[in-house]
Amino acid sequence: MVMRDARYHCVASYRALVQADFAKNLWIPYTNLFPLGSEHKVVRGTVTEVHGDHVVVDHEGKIHKMAFDFLVLATGSYIPAPAKLKVQSSAEGIALMDKIRADMQSSQSIVIVGGGACGTEFAGEVKYAYPDKYVALIHDLSSLVDYPRFPQDFKDKAREYLEKQGVEVFLNESVEIEGLSRDNPCQRAYRTITLKNSHKAIESDMQFFSIGIKVDTNYMHTLQPAAASQTKRDSVIPFDVSSIIDTKTSAIHVKPTLQLDHGDDFPNIFAIGDISNADPVPTAYAAATAGEVAARNIIVLLKREMHADNIHKNTGLTRCFKSNEGKLEDYAPVKTLMVLAMNPTGGVSNLPVVGTLLGGLAAWAVKSSDLFSGRFWKEMNMPRP
Ligand SMILES: Cc1cc2nc3c(=O)[nH]c(=O)nc-3n(C[C@H](O)[C@H](O)[C@H](O)COP(=O)(O)OP(=O)(O)OC[C@H]3O[C@@H](n4cnc5c(N)ncnc54)[C@H](O)[C@@H]3O)c2cc1C
């Protein structure tokens, strides 16, 4: 079930913004995801309600129900444009990107508010593509990419890299820019921006808001445990969907098996990737790893069902599971791994074991030149454009 006609390869969004010929990598059609004649299919629509055994889907105003035996919620996150785009189709997305690119080409002084991984990569890409433009990155904490469990060395290297490129980095600073917000994250307007702490004034003609990752789990409000499980549990505590939604981030609480974290109420519903709270720092790598674990766990559950069914029907097919075959696998959150591609030639990395050592080389080798475009197109079984 997908909302749009093609998959948005967000990792490449900043490069596509500053380099028009890279934009062809951004939207990957779902056409070849499953082989011709496969019983699997991609269905287009937006899930608006989740129930214990079906979802409600809206496609262009037409509402329909889709029943499931197993459900994997992987609806991701929103990060202000151009990182992610609030559009309904690839055509709309391409047009929006073209408009922001044209605005940026005609601007001279660009301010990016928010120095997380996105703002940091974005500032580097802009300064590399437009060395003559002024680029400022404003961040309210004392370090860029200030995520839990990442070493200070990595955060310092990210700032040093940008400063060497010519980006002016302001730490421990915040600003309020009229009209600029999560819902209106790109603005082409002449402004004098005053930093709150130092009161320094910056003249700018284009501003970007690059703060925070948000997930939307509103579709969960309809969820109720199946009647049998409800009756069993009623004597203890009534079900409240907010108990499985993180109050701060709106992410879905999951068990180590990636099933919804509410006793035994939802063994058939999984949540993976940015929508779940399985990883402290959500990444595509974590989302893909979680997807594989969830898939293997569903296979185990299916086998259990088949096994129980065979016993029930007394077919004689009472094959026993191997000792670990009937056990669900626990997902291990991924290590502190991050590669920041600041431009096509390099960036900064923090890798397990080696840390920030060879960070620039690793960034170039792993990500910077291609931004995983080849890998994502291959994954979708599509020839690279
Ligand atoms: C600029 C940038 C650079 C990044 N670089 C890296 C990197 O180098 N390495 C790394 O590991 N990670 C990186 N990330 C993070 C990574 O892209 C995300 O963690 C990853 O995309 C999460 O995958 P996901 O499947 O959970 O969600 P998403 O990729 O967000 O996919 C969710 C999908 O669900 C669809 N959807 C949403 N709501 C609904 C609904 N109600 N009904 C139907 N469909 C719906 C969306 O349209 C979308 O297609 C980067 C992110 C950005 C923005």
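The model is predicted. The protein chain has 8 helices and 16 strands. A compact globule of 385 residues would have a radius of gyration near 21 Å, and the 23 Å of the protein chain agrees with that. A ligand is surrounded by 31 residues.

**Overall build**
- Along the principal axes, the C-alpha atoms of the protein chain fill a box of roughly 75 × 45 × 45 Å.
- Of the 385 residues in the protein chain, 34% are buried.

**Ligand shell**
- Thr75, Gly76, Gly273, Thr283 and Ala284 are the closest residues to the ligand.
- The shell around the ligand holds 18 nonpolar, 7 polar and 6 charged residues.
- Four elements each supply at least two shell residues: helix H1 (13–18), strand S3 (46–50), helix H3 (117–129) and helix H6 (284–313).
- H6 gives the most to the shell, with 3 residues.

**Three-stranded sheet**
- Strands S3, S4 and S5 form an open sheet in the order S3-S4-S5, with antiparallel pairing.
- S3 and strand S5 (62–67) are the edge strands; each has a single partner strand, so one side of each is left without a neighbour in the sheet.
- The twist averages 30° from one strand to the next.
- S3 pairs with strand S4 (residues 54–59) over 4 bridges, in the antiparallel sense.
- Valine 56 in S4 is the bridge partner of glutamate 49.
- The loop between S4 and S5 contains glycine 61.
- Glycine 61 has 5 other C-beta atoms within 10 Å; a residue with 12 or fewer counts as exposed, so glycine 61 is exposed.
- Glycine 61 and threonine 46 are 15 residues apart in sequence, and their C-alpha atoms are 9.9 Å apart in space.

**Five-stranded sheet**
- A second open sheet has 5 strands in the order S9-S8-S7-S13-S10, and its pairing is mixed.
- Strand S9 (168–170) and strand S10 (186–187) stand at its edges; each has a single partner strand, so one side of each lacks a neighbour in the sheet.
- Strand S7 (residues 109–113) and strand S8 (residues 134–138) pair in the parallel sense over 5 bridges.
- Valine 111 has alanine 136, in S8, as its bridge partner.

**Helix H4**
- Helix H4 (residues 152–165) has 14 residues.
- H4 reaches 20 Å from its first C-alpha to its last, close to the 20 Å expected at 1.5 Å a residue.
- The buried residues in H4 are Phe154, Lys155, Lys157, Ala158, Arg159, Tyr161 and Leu162.
- An α-helix has 3.6 residues a turn, so residues three or four places apart point the same way.
- Glycine 166 follows H4, and its phi is positive, near 110°.

**Backbone details**
- The peptide bond from alanine 81 to proline 82 is cis, with omega near 10°.
- Proline 82 lies in the loop between strand S6 (71–73) and helix H2 (90–105).
- Histidine 199 has a phi near 60°, a positive value in a residue other than glycine.
- Histidine 199 sits in the loop between strand S11 (191–194) and strand S12 (201–204).
- With 7 other C-beta atoms within 10 Å, histidine 199 is exposed.
- Asparagine 381 also has a positive phi, near 60°, and is not a glycine.
- Asparagine 381 lies in the segment after helix H8 (373–379).
- With 13 other C-beta atoms within 10 Å, asparagine 381 is partly exposed.

Methods. Residues are numbered from 1 along each chain as its sequence is written. This is a predicted model: local features need pLDDT of at least 70, side-chain atom pairs count only at pLDDT 80 or more; totals for chains, interfaces and linings use all residues. A residue is near a molecule or strand if its C-beta atom, placed from the backbone, lies within 6 Å of it. Ala, Val, Leu, Ile, Met, Phe, Trp, Tyr, Cys and Pro count as nonpolar, Asp, Glu, Lys and Arg as charged, and the others, Gly among them, as polar. The expected span of a helix is 1.5 Å times one less than its number of residues. A residue is buried if 20 or more other C-beta atoms lie within 10 Å of its own, exposed if 12 or fewer, and partly exposed in between; C-beta atoms are placed from the backbone. Two strands pair if DSSP finds at least two bridges between them. Axes are lines fitted to C-alpha atoms, for helices over the stretch in contact, and angles run from 0 to 180 degrees between N-to-C directions. The radius of gyration is taken over C-alpha atoms; the globule rule is 2.2 Å times the number of residues to the power 0.38.
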